[in-house]
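Here are some worked exercises on helix packing. Have a look at the model first, then try each task before reading its solution.

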Amino acid sequence: VEIEQLAISLLALQQPMARDLRFIISAIRITGDLERVGDHAVNIAESALRMVELLTTNVVPPPEIEEMAQRSRTMLSDALDSVVRLDGVLGRDVCRRDDQVDALHESVFRIMLTHMMEAPATITACLELLLVSRNLERVADLATNIGEDAVYLAEGKQIKHNLEDRSSTKSPPSRPAP
């Protein structure tokens, strides 16, 4: 909130131009994304607490969730590094990695759905794991937003919704998440 207020004051009082304006606009967007990452972290922690109460269901989290957590954390760290270093190449790399986390989320969805159909007593625990997976997928999406902002800061290019500008080689569009 403090960063956002300072950025708005700078906009109002200094009337920045070019790179300074891009920096302030990006700072406002990034602070919002980071706040939402924190919200998702809280959601994951709350799911973990509820899962502790459900230990009798014998539902083991699939390894995809741990991989999603690792990838999402790395993406967020790299996205923030790309902003600090004004590294558009790293920002684009973060954006490309989002599809991997989306695929893992889809895999977790299928695994949990199978568990629920085979053993209805596991539905509550499986739904908690699906919530964790969804929150991790959203953290990766927010890291992607920050990576896009890093490209904007470094190069003055908006790459949101434009896959051709995300990398130097064209890649086919990804399938939408379920």
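**Exercise 1: H3 against H4**

The crossing of H3 and H4 is left-handed, meaning that the near helix is turned anticlockwise from the far one by less than a right angle. The model is predicted, so local features need pLDDT of at least 70 and side-chain atom pairs count only at pLDDT 80 or more, while totals for chains, interfaces and linings use all residues. Residues are numbered from 1 along each chain as its sequence is written, and side-chain values use heavy atoms, with hydrogens and water left out.

*Task.* Describe how the axes of helix H3 and helix H4 are arranged, and work out which residues of the two helices meet.

*Solution.*
1. Two packed helices are described by the angle and the distance between their axes.
2. Helix H3 spans residues 63–84 and helix H4 residues 88–118; their axes come within 9 Å and cross at roughly 160°. Axes are lines fitted to C-alpha atoms, for helices over the stretch in contact, with angles from 0 to 180 degrees between N-to-C directions.
3. H3 and H4 are therefore roughly antiparallel to each other (an angle over 145 degrees).
4. For contact (heavy atoms within 4.5 Å), residues of H3 including Ile65, Met68, Met75 and Asp81 meet residues of H4, among them Val94, Val101, Leu104 and Ile111.
5. The residues of this contact divide into 10 nonpolar, 7 polar and 7 charged. Here Ala, Val, Leu, Ile, Met, Phe, Trp, Tyr, Cys and Pro count as nonpolar, Asp, Glu, Lys and Arg as charged, and the others, Gly among them, as polar.

**Exercise 2: H3 against H5**

*Task.* Are H3 and H5 roughly parallel or roughly antiparallel to each other?

*Solution.*
1. Helix H5 covers residues 123–155, and the axes of H3 and H5 come within 8 Å, crossing at roughly 20°.
2. H3 and H5 are therefore roughly parallel to each other (an angle under 35 degrees).
3. The crossing of H3 and H5 is left-handed, and the residues of their contact divide into 17 nonpolar, 5 polar and 1 charged.

**Exercise 3: One residue and the whole chain**

*Task.* Is Asp81 buried, partly exposed or exposed?

*Solution.*
1. Asp81 is found in helix H3.
2. Asp81 has a relative accessible area of 33%, which makes this residue partly exposed (buried is under 20%, exposed over 50%, partly exposed in between; 1.4 Å probe, protein chains only).
3. Asp81 and Gly147 are 66 residues apart in sequence, yet 9.2 Å apart in space, C-alpha to C-alpha.
4. For the protein as a whole, 40% of the 178 residues count as buried.

Note on methods:
Helices (H or I, at least four residues) and strands (E, at least two) are DSSP runs, numbered from the N terminus. Angles under 35 degrees count as roughly parallel, over 145 as roughly antiparallel, 65 to 115 as roughly perpendicular and the rest as oblique.
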